[in-house]
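Open the model in your viewer and keep the selection panel handy. We will go stop by stop.

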Amino acid sequence: MTDSDISEMFAAARAAMDRAYAPYSNFHVGACVRSESGALYSGPNVENAAYPQGWCAECSAIAAMVAAGEREISSVLVVGAPSDGAGGYVDDPDALCTPCGGCRQKIREFGTSETPVLIAGPEGLRRRFTLGELLPFDFGPDNLK
Ligand code: THU
């Protein structure tokens, strides 16, 4: 992945983060997945008054990819931080908004252990993982063959 690939994914995820619907946690998240074709799909977290019905940004981005007819994730970038309530973020520069356990599994469905998962703060990239680091000894589609 080039720096420009990462900047493009960051810009898409960061724009989605600004549009998050997170009135209950006030924690805004944006995710961008790059598919095998090179296209980008992004989305925010969308919460709900019935709290467990909310969903994560990664889920929005993956759904957009599948809706477009794609089935392979080549990389993921996630950015998240608490809203300051005035259009900005109250950010801890050491915080890492890594995907939750359920989202690690959702990424696995369309990715592999080598899939890069990049974590950003509101100002830019903070850390890179592979999905295998975040989800070791994974269970995936091959386990059902
Ligand atoms: N959230 C995400 O959208 N993605 C993550 O990787 C971590 C958590 C959301 C879920 C909820 O709307 C809010 O962040 C606080 O947990």
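**Stop 1: a hairpin**

This is a predicted model. Select residues 116-121, strand β4, together with residues 124-130, strand β5; the two strands pair in the antiparallel sense, over 6 bridges. Now look at the link: 2 residues make the hairpin that joins β4 to β5. Next, pick Pro116.

**Stop 2: the ligand**

Then colour by element of secondary structure.

- Glu58: an N or O atom of the side chain is 2.6 Å from an oxygen atom of the ligand.
- Ala57: a polar backbone atom is 2.9 Å from an oxygen atom of the ligand.
- Thr98: a backbone N or O atom lies 3.3 Å from an oxygen atom of the ligand.

How much of the ligand's accessible area does the protein cover? On its own the ligand has 380 Å², and the protein covers 75% of that.

**Stop 3: an aromatic pair**

Clear the selection. A search of the whole structure finds 1 aromatic pair. Select Tyr24 and Tyr51: the ring centres are 5.4 Å apart and the planes meet at 40°, so the pair is tilted. Where do the two residues sit? Tyr24 is in the loop between α1 (3-18) and β1, and Tyr51 is in the loop between β2 (40-44) and α2. The pair therefore ties together parts that are 27 residues apart in sequence.

Tyr24 has 38% relative accessibility and counts as partly exposed. Tyr51, at 61%, counts as exposed.

**Stop 4: helix α4**

Finish at residues 131-134, helix α4, and select Leu134 there. Is Leu134 buried or exposed? Its relative accessibility is 11%; buried means under 20%, so Leu134 counts as buried. Leu134 and Ser74 are 16 Å apart in space and 60 residues apart in sequence.

Methods. Residues numbered from 1 in each chain as written. Predicted model: local features only at pLDDT ≥ 70, side-chain atom pairs only at ≥ 80, totals over all residues. Heavy atoms only, no water. Pairing = 2+ DSSP bridges. Helix = DSSP H or I, 4+ residues; strand = E, 2+ residues; numbered from the N terminus. Polar contact = N/O pair within 3.5 Å; in protein donor to acceptor, adjacent residues only side chain to side chain. Areas by Shrake-Rupley, 256 points an atom, 1.4 Å probe, with all protein chains shown as cover. Phe/Tyr/Trp six-rings, centres within 6.5 Å; stacked < 30°, edge-to-face > 60°. Buried < 20%, exposed > 50% of the residue type's maximum accessible area, 1.4 Å probe, protein only.
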